[in-house]
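The report that follows is meant for a reader who is meeting this structure for the first time.

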Amino acid sequence: MPTYAVTGATGRLGRLVIEQLLDTGVPATEIAAIVRSPDKAADLAARGVEIRRADYDDPSTLPGAVAGVRRLLLISGDTPGQRTAQHTAVIDAAKLAGVERLVYTSILKADTTTNPLAPEHRATEEVLAASGLPHTVLRNGWYTENYTDQLPQYLQSGTILGATGGSKVSAAARIDYAAAAAAALTRDEDGNAVYELGGTAFTFDELADAVTEVTGTTVIHRDLSAAELASTLETIGLDAGTAGFVAALDHSIAIGELATDSDDLSRLIGRPSTPLRDALRAARA
């Protein structure tokens with residue numbers, strides 16, 4: 001019977017967590033990958049990982065998926081407006097199955113931030129606390145990939161648009177958060193734990209400088225107000241709702257909600273987070 005289970009195991013984070021578990025010596029027979037589409041997990045099955053089908057939107061599939069598991073990683077869902085109900089169903093199934101510890105991927109400063117992504121994470125943390133399940137909350141900061149994935153646009157336009165007011169963002173690479181999740185899943189904790197996770201902070205000016213250095217193409221940062229950013233994004237094709245949402249995320253950076261002085265990430269993974277320039281070089285390659 002598997003000791004560890006990972007939900008969303010064929011997603012970009014979940015797959016990396018399983019790879020981290022395997023790379024750190026956890027036997028494949030002790031890992032269950034919980035997925036919606038088992039055919040997408042054929043490579044994991046070939047390595048000996050047990051594949052279990054479940055769907056956040058179908059609670060009847062969840063008890064069997066977590067049965068016999070000692071420790072469960074609940075990777076947050078990706079459907080806005082549905083996450084709290086989805087996560088609650090997983091938590092309920094885990095409690096019913098006698099899971100010994102549940103690890104949840106939340107958002108940085110979930111209990112205080114005005115970040116528009118936070119309410120469902122905050123609600124999930126409250127459900128988890130009320131459940132009585134021993135738990136670990138990983139409050140993940142921004143992903144460096146939020147920026148490296150935009151590298152082609154930066155190079156084409158020569159500009160990084162933002163409304164961050166010169167404030168810093170403590171982003172880290174997805175592999176860093178995956179390593180933290182694997183570490184949290186396998187470590188023994190006394191009681192419940194909350195980790196505020198983020199990498200070495202940088203401003204958008206520093207991001208532009210790093211892009212310029214790594215690519216050899218001059219890229220500058222234009223800092224706008226949140227309203228100006230939303231308006232500009234609409235002119236280049238985003239609908240008003242999406243443009244406003246992006247601007248609100250940058251406002252969260254501007255008021256310091258996506259920066260942290262916590263060293264929880266480096267302590268969990270036993271190394272510094274991936275440097276920004278290294279992440280950009282990997283994306284460029």
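## A residue in a loop

K109 has its place in the loop between β5 and α5, where helices (H or I, at least four residues) and strands (E, at least two) are DSSP runs that are numbered from the N terminus. The model is a predicted one, in which local features need pLDDT of at least 70 and side-chain atom pairs count only at pLDDT 80 or more, while totals for chains, interfaces and linings use all residues. Residues are numbered from 1 along each chain as its sequence is written, and side-chain values use heavy atoms, with hydrogens and water left out.

Although K109 is not a glycine, it has a positive phi of about 55 degrees. Because its relative accessible area is 23%, K109 is partly exposed; buried means under 20% relative accessible area, exposed means over 50%, and partly exposed lies in between, with a 1.4 Å probe and protein chains only.

## Salt bridges

Side chains of opposite charge can pair when their charged atoms come close. A salt bridge is counted where a side-chain nitrogen of Lys or Arg lies within 4 Å of a carboxyl oxygen of Asp or Glu, and a search of the whole structure finds 15 of these salt bridges.

| Salt bridge | Distance |
|---|---|
| R15 and D43 | 2.4 Å |
| R139 and D111 | 3.2 Å |
| D264 and R267 | 2.5 Å, N to O |

The salt bridge between R15 and D43 has a closest N to O separation of 2.4 Å. R15 lies in helix α1 (residues 12–23) and D43 in helix α2 (residues 42–46), so this pair ties together parts that are 28 residues apart in sequence. D43 is partly exposed, because its relative accessible area is 41%.

R139 forms its salt bridge with D111. This pair links distant parts of the chain, with R139 in strand β6 (residues 135–140) and D111 in the loop between β5 (101–107) and α5 (118–131), 28 residues apart. R139 is buried, because its relative accessible area is 7%.

D264 counts as buried because its relative accessibility is 11%, whereas R267, at 49% relative accessibility, counts as partly exposed. Elsewhere, salt bridges that share partners join D111, E125, R139 and E196 into one network.

## Aromatic rings

A pair of aromatic rings is described by the distance of the centres and the angle of the planes. Rings of Phe, Tyr and Trp (its six-membered ring) pair if their centres lie within 6.5 Å, and planes under 30 degrees apart count as stacked, over 60 as edge-to-face and the rest as tilted. A search of the whole structure finds three aromatic pairs. In one of them, the rings of Y147 and F202 have their centres 6.0 Å apart and their planes at 80 degrees, so the pair is edge-to-face. Y147 lies in helix α6 (residues 145–148) and F202 in the loop between β8 (193–197) and α9, so the pair ties together parts that are 55 residues apart in sequence.

Y147 and F204 also form an edge-to-face aromatic pair, at 5.4 Å centre to centre and with 75 degrees between the planes. Since F204 lies in helix α9, its pair with Y147 of helix α6 ties together parts that are 57 residues apart in sequence. Y147 counts as buried because its relative accessibility is 5%, and F204 is buried with a relative accessible area of 3%. Y147, F202 and F204 form one aromatic cluster.

## Negative charge on the surface

D205, E206, D209 and D223 gather in a patch of negative charge on the surface. Such patches are made of residues with over 30% relative accessible area and no salt bridge, with like charges joined within 9 Å and nonpolar side chains (Val, Leu, Ile, Met, Phe, Trp, Tyr) joined within 5 Å. Helix α9 (residues 204–215) gives the most to the negative patch, with three residues. D205 lies in helix α9, and at 45% relative accessibility D205 counts as partly exposed.

## Contacts across the sequence

I34 lies in strand β2 (residues 31–35) and counts as buried, because its relative accessibility is 5%. I34 and G8 are 26 residues apart in sequence and 6.1 Å apart in space, C-alpha to C-alpha. A282 lies in helix α13 (residues 276–284) and counts as exposed at 56% relative accessibility. The C-alpha atoms of A282 and T148 are separated by 8.9 Å, with the two residues 134 residues apart along the chain.

How values were computed:
Accessible areas come from the Shrake-Rupley method with a 1.4 Å probe; for residues, only the protein chains shown count as cover. Lys and Arg count as positive and Asp and Glu as negative; His and the chain ends are not counted. The place of a charge is taken as NZ of Lys, CZ of Arg, CG of Asp or CD of Glu.
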